[in-house]
Amino acid sequence: MNALLIALLALPLVASAATLAPGLFGADPALRDRRALRFNAVVTGLVLALAAALAAGFDHRHPGRMQGTVDVSWIPALGVRFHLGVDGVSLPLVVLTALLTFLCALYSTRKLPDGAGTPSAVSFTGLFLLLEVGMLATFLVLDLLLFFVAFEIVLIPMYFLIARWGSGARTASAFRFILYTLLGSAVMLLGFLLVGLRAGTFDMTELAARHGAGLSHTTQLLAALAIGLGLMVKAPAWPLHSWLPDAHTSAPTVGSVLLAGVLLKMGTYGLVRVLLPIVPDGTATFAPYLGALAAVGIVYGSLACLALARPGRGGDLKRLIAFSSVGHMGFVLLGIASLTPVGLNGALFANIAHGLITGLLFFVVGALKDRYGTADLDTLAGATGAGLYGRAPRLGALLAFGAVASLGLPGLAGFWGELLAMFGAFRPGAGLDRPAFLVFMVLAGLGTLLTAGYLLVVVRRVCMGDPAQPAAVQPAELRGYEAVSWTPLAALTLLAGLWPALLLTLSDPVVKQLLAGG
């Protein structure tokens, strides 16, 4: 287990560095590009195999115990240690990250993002593998400063993925992405330093075991505010979300999949792993405000999507899904704010469900954009509807499947997380204002209705219609490499919906420990 954790980080890191070696993929430009992309798929495939081995070797009888721990001195002068471990909360996120990066790499072997010139496949591979290192490390490290380093590693690769391989106002979108996230991270670092210097350690397991002991109420308030703000930018919580729609609209397909499927989870994971157990008093003080922002975000995201889905508004489908992420992540934040095992389990379940469902939706919408040359909903639908069911039935079926999963249809993954988050708000933790959380629950329920409204409008406009009507472009049916890349996400969405205990039995013991200390 120890070796697996180290290999999960070392393999993509070494492979990313190897792409800098001149002549590694040959001198012929065409062969070099193909070899680089295949190398990317092979490395990420091996990482997925390591993640699967980690899941198979994990002691599922004791998911609350940190397993496979690696703990060695890293910076002795600061007391920082290279501390790794995995438990029932981080394991699903590690597997999800490895799966999505592999599927994106596999997809890129046949569909490298636009904007890539002759040498770009090699640089794309190097940046992609470095991004995977940062994402995996965020869910594995157990030292606050190491968590910050891992949190920051992902920013530069994602910036270049958007700025170099994106579309539209890609430079401005990439700049806004990195500006917001860097500022949020700087504030978060101040909170980490405050906790570490006052507590005398940056070790996350030791700090969690203390459960705030040794930290004054004022220190906890300041640390919770600083750390919470930094994590809420990445989550993203309303009103700190404004970087997200532009980043998704401009990002290439694989960039959008990883941004929604993994990077947003880094913020909410930090709230559960760092904020709840380490500064519990400060977290409890700010929990009602987090719940209020979550409820507003749910309604706001749904209303924005409804506006984009209306005919004549020129709504971009990628932008619509980005705004839907603001609403869906609102349910995650609401579950966390409830400070109850039910709400936190719902939040962690919704995290995984959102990664699977939104990853599938961004893949499908990216394919539509490739076929039609645009993701503009009015252009796709025309006057009578795009008729995707008749023109490309498998593609239309996958889009409809992703939509109904996203709106929380029972039996699919999107249902359980939202339901449990609202249950948590119905009976919040001790000391929280129950009438306020009941209002938040009602707003979240309204958000589910609005979500169903805009997603059904999208399905009607894109999937339905008369296929005999003339179309500017006749879309190609689902291609083989697309089916291979997307089918696992659809299958896991169904599996998680029918067998929620697969995730809940992993997270529940950890959640109870984090809330109680330990």
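Q: Before we go on, what kind of model is it?
A: This is a predicted model, where local features need pLDDT of at least 70, side-chain atom pairs count only at pLDDT 80 or more, and totals for chains, interfaces and linings use all residues. Residues are numbered from 1 along each chain as its sequence is written, and side-chain values use heavy atoms, with hydrogens and water left out.

Q: Back to Leu495, how exposed is that one?
A: Leu495 counts as partly exposed because its relative accessibility is 35%. The cut-offs: buried is under 20% relative accessible area, exposed is over 50%, and partly exposed is in between (1.4 Å probe, protein chains only).

Q: Which residues make the nonpolar surface patch?
A: Leu492, Leu494, Leu495, Leu498, Trp499 and Leu502, giving about 540 Å². Patch members have over 30% relative accessible area and no salt bridge; like charges are joined within 9 Å, nonpolar side chains (Val, Leu, Ile, Met, Phe, Trp, Tyr) within 5 Å. A salt bridge here is a side-chain nitrogen of Lys or Arg within 4 Å of a carboxyl oxygen of Asp or Glu. Areas are Shrake-Rupley with a 1.4 Å probe, and for residues only the protein chains shown count as cover.

Q: Which helix gives the largest share of that patch?
A: Helix H20 (residues 480-498), with 4 residues.

Q: Switching topic, how many helices and strands are there?
A: The chain has 21 helices and 2 strands.

Q: How do S1 and S2 pair?
A: Strand S1 (residues 67-75) runs antiparallel to S2 over 6 bridges; pairing takes at least two DSSP bridges. Ser73 sits opposite Arg81 in S2. The two strands form a hairpin with 4 residues between them, and Gly79 in the turn has a positive phi of about 70°.

Q: And is S2 (residues 80-86) mostly covered or mostly open?
A: Mostly covered, as 5 of its 7 residues are buried.

Q: What about helix H6, which residues are buried there?
A: In H6 (residues 155-165) they are Leu155, Pro157, Met158, Leu161, Ile162, Ala163 and Trp165. Their cover includes helix H4 (120-140), helix H7 (170-199) and helix H11 (253-278), with contact meaning heavy atoms within 4.5 Å.
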